[in-house]
Amino acid sequence: MLTQTTTRVLEPADLGAALAVLESAPVENAFVTARVRIAGLDPWRLGGEMWGWYTEGRLTSLCYSGANLVPICATPEAVRAFAERARRIGRRCSSIVGPAGPTAELWRLLEPSWGPARDVRAHQPLMVAEEPSATVAPDPLVRRVRKDEMEVIMPACVAMFTEEVGVSPTAGDGGLLYQARVAELVGSGRSFARIEDGKVVFKAEIGAATRQACQIQGVWVAPEHRGKGLSETGMAAVLQYALADVAPVVSLYVNDYNTPARAAYRRVGFRETGAFMSVLF
């Protein structure tokens with residue numbers, strides 16, 4: 001048994017202890033928890049390593065190191081240990097993302113060797129809802145995207161990603177990985193849209209789902225339809241689907257400077273409960 005404070009790469013046998021840490025904060029950890037529930041801790045299946053921080057032999061903090069670097073329930077001591085490990089290995093991720101406090105400290109320690117970042121979004125409110133909207137009627141035309149509608153939904157997904165992240169998801173591999181991810185969400189019934197005349201008017205996905213919570217992502221309204229309230233009615237519809245079919249708590253996080261979106265989500269019934277931070281490379 002480990003009897004001192006230490007960090008190491010977790011193995012499949014550590015799955016139970018890792019899930020206990022992840023599920024201690026089910027909303028903020030939904031993304032990583034969903035991946036671990038599907039893939040376990042084997043790096044090849046998980047798409048990255050899971051680092052564990054132990055205090056007196058007990059696993060207390062985690063850090064997912066894959067396409068994203070994600071501190072999980074990370075104490076200050078754990079953040080310092082994770083930063084040192086990440087610094088030694090060198091940057092392999094395209095972003096650092098997680099709860100604002102630990103992520104800010106992780107970036108402070110890594111910036112001298114990993115910086116500069118392409119963009120730092122220091123405060124992204126985390127919002128949750130546990131009931132269907134009481135004030136906004138769901139758009140009856142928002143529905144699950146069918147598997148035969150990939151050619152319809154992909155341009156909207158690419159447009160949303162490019163607007164949000166600042167680079168196209170088709171760069172590098174021509175978008176193969178991104179298309180596979182969109183196809184996965186469509187195939188699992190977690191992609192929703194309002195489609196008119198073969199074009200997407202509104203869309204959103206449930207990007208991560210566990211038994212305790214799920215996370216909405218990729219909310220987008222076609223530019224020519226903005227300002228009509230479609231984001232509110234569309235989100236009310238997706239919220240209704242999510243609560244009925246996926247999980248009892250629905251979450252999302254949004255850039256703090258996106259005042260219209262934050263106001264729209266509040267009108268639908270979401271409330272702010274915390275904050276995330278993203279560092280983009």
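Q: Which residues of α9 are buried?
A: In α9 the buried ones are A261, R262, A263, A264, Y265 and V268. Buried means under 20% relative accessible area, exposed means over 50%, and partly exposed is in between, with a 1.4 Å probe and protein chains only. Helices are DSSP runs of H or I with at least four residues, strands are E runs of at least two, and both are numbered from the N terminus.

Q: Before I go on, what kind of model is this, and how are things counted?
A: This is a predicted model, where local features need pLDDT of at least 70, side-chain atom pairs count only at pLDDT 80 or more, and totals for chains, interfaces and linings use all residues. Residues are numbered from 1 along each chain as its sequence is written, and side-chain values use heavy atoms, with hydrogens and water left out.

Q: OK, back to α9. What do its buried residues pack against?
A: They pack against β6, β10, α8 (230-245), β11 and β12. Contact here is heavy atoms within 4.5 Å.

Q: And how does the helix lie on those strands?
A: α9, residues 259-268, lies across β6, β10 (214-221), β11 (250-253) and β12, and runs at about 10 degrees to β6. Axes are lines fitted to C-alpha atoms, for helices over the stretch in contact, and angles between N-to-C directions go from 0 to 180 degrees.

Q: What follows α9?
A: G269 does, and its phi is positive, near 125 degrees.

Q: What sits over the face of W51?
A: R85 does, at 5.6 Å from the ring centre. For that label, NZ of Lys or CZ of Arg has to be within 6 Å of the ring centre and within 35 degrees of the ring normal.

Q: Sheet time. What's the strand order?
A: The open sheet has 12 strands with mixed pairing, in the order β1-β2-β3-β4-β5-β12-β6-β11-β10-β9-β8-β7. Its edge strands, each pairing on one side only, are β1 (6-9) and β7 (143-144). Two strands pair if DSSP finds at least two bridges between them.

Q: What does α5 touch there?
A: α5 packs on the sheet and touches β4 (68-72), β5 (95-99), β6 and β12 (271-280), with its direction at about 155 degrees to that of β5.

Q: Why is β10 called largely enclosed?
A: Because six of its eight residues are buried. β10 pairs with β9 in the antiparallel sense over six bridges, and the two form a hairpin with four residues between them. E205 stands opposite Q217 in β10. Towards β11, β10 runs parallel with two bridges, and Q215 stands opposite S251 in β11.

Q: What about E56's phi?
A: E56 has a positive phi of about 50 degrees although it is not a glycine. It lies in the loop between β2 (49-55) and β3 (58-65) and is exposed, at 60% relative accessible area. D197 also has a positive phi of about 50 degrees without being a glycine; D197 is in the loop between β8 (191-196) and β9 (199-209), exposed at 82%. Most residues other than glycine have a negative phi, and most peptide bonds are trans.

Q: Last one: how many disulfides?
A: Zero, a disulfide being a pair of cysteine sulfur atoms within 2.5 Å. For C73, the nearest cysteine sulfur is that of C63, 12 Å away. C73 is partly exposed at 24% relative accessibility. For C214, the nearest is that of C157, 17 Å away, and C214 is buried at 0%.
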